[in-house]
Amino acid sequence: MFVIRNEIQFDMAHYLQDYNGKCANIHGHRYRLLVSVAAEDLHREGHLRGMVDDFSFIKKLLKSIEEQFDHKLLVEDCERGRKIADSLVKEGFDVLLLPFRPTCEEMSRYIYRKLKSEGLAVSRVELYETPGNSCTYYE
């Protein structure tokens with residue numbers, strides 16, 4: 001089995017509605033995303049001969065993830081989330097509504113499935129919310 005990895009980092013804030021604890025406030029993190037792509041065998045012909053995949057293709061997909069989330073506030077698309085988003089967008093802030101609570105776990109699954117839908121043979125996604133806390137998602 002061959003596994004190649006690529007990494008990006010981005011800054012993002014999120015709001016965890018109904019959370020009871022220190023992180024109930026809007027707050028941000030420096031996220032670190034590690035993406036692994038696996039293959040039993042290397043490509044045997046063409047421009048990918050001898051490779052699992054093209055690092056530049058992976059980097060392009062990860063750049064789109066970075067652009068989607070970097071320096072944005074993520075909130076769940078629900079009544080309260082829309083109210084927060086509407087008021088902040090009116091003030092010029094960049095807010096992204098998501099169909100899930102923007103936890104590290106949900107974000108990991110979302111990113112994995114997004115990369116898979118773009119044709120990447122992703123085997124796992126590990127998203128670090130802090131240097132010591134991460135979630136790994138794979139199917």
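Here is a short walk through this structure, which is a predicted model.

**Stop one: the sheet.** Switch to a cartoon view and colour the strands. Six of them make an open sheet with mixed pairing, and the order across it is S4-S3-S1-S2-S5-S6. Now pick out S4 (95–98) and S6 (133–137): these are the edge strands, each with a single partner, so one side of each has no neighbour in the sheet.

**Stop two: S3 and S4.** Select residues 72–76, which are strand S3. S3 and S4 run parallel and are joined by four bridges. For a pair to zoom in on, show leucine 74, which stands opposite leucine 96 in S4.

**Stop three: helix H3.** Next, select residues 104–117. That's helix H3, packed on the sheet and touching S1, S2, S3, S4, S5 and S6. Compare its direction with that of S5 and you get an angle of about 145°.

**Stop four: helix H2.** Move on to residues 79–90, the twelve residues of H2. From first C-alpha to last, H2 reaches 17 Å, close to the 16 Å expected at 1.5 Å a residue. Which residues of H2 are buried? Show Gly81, Ile84 and Ala85 to see them. Look down the axis of H2: the buried residues fall within an arc of 95°, so they line one face of the helix. S3 and S4 are among what covers them. Just after H2, stop at glycine 92, which has a positive phi of about 95°.

**Stop five: the annotated residues.** Finally, select Cys23, His71 and Glu129, which an unreviewed UniProt entry annotates as "active site". Cysteine 23 sits in the loop between strand S1 (2–14) and strand S2 (27–39). Is glutamate 129 buried or exposed? Glutamate 129 counts as buried because its relative accessibility is 17%, while cysteine 23, at 27%, counts as partly exposed. Glutamate 129 belongs to strand S5, residues 122–130. Leave out its neighbours within four places in sequence, and glutamate 129 is in contact with His14, His29, Arg30, Tyr31 and Cys104.

Notes
Residues are numbered from 1 along each chain as its sequence is written. This is a predicted model: local features need pLDDT of at least 70, side-chain atom pairs count only at pLDDT 80 or more; totals for chains, interfaces and linings use all residues. Side-chain values use heavy atoms; hydrogens and water are left out. UniProt positions are given in the numbering used here, feature names are shortened, and annotations may be inferred rather than shown by experiment. Helices (H or I, at least four residues) and strands (E, at least two) are DSSP runs, numbered from the N terminus. Buried means under 20% relative accessible area, exposed over 50%, partly exposed in between (1.4 Å probe, protein chains only). Contact means heavy atoms within 4.5 Å. Two strands pair if DSSP finds at least two bridges between them. Axes are lines fitted to C-alpha atoms, for helices over the stretch in contact, and angles run from 0 to 180 degrees between N-to-C directions. The expected span of a helix is 1.5 Å times one less than its number of residues. The arc is that of the directions from the helix axis to the C-beta atoms.
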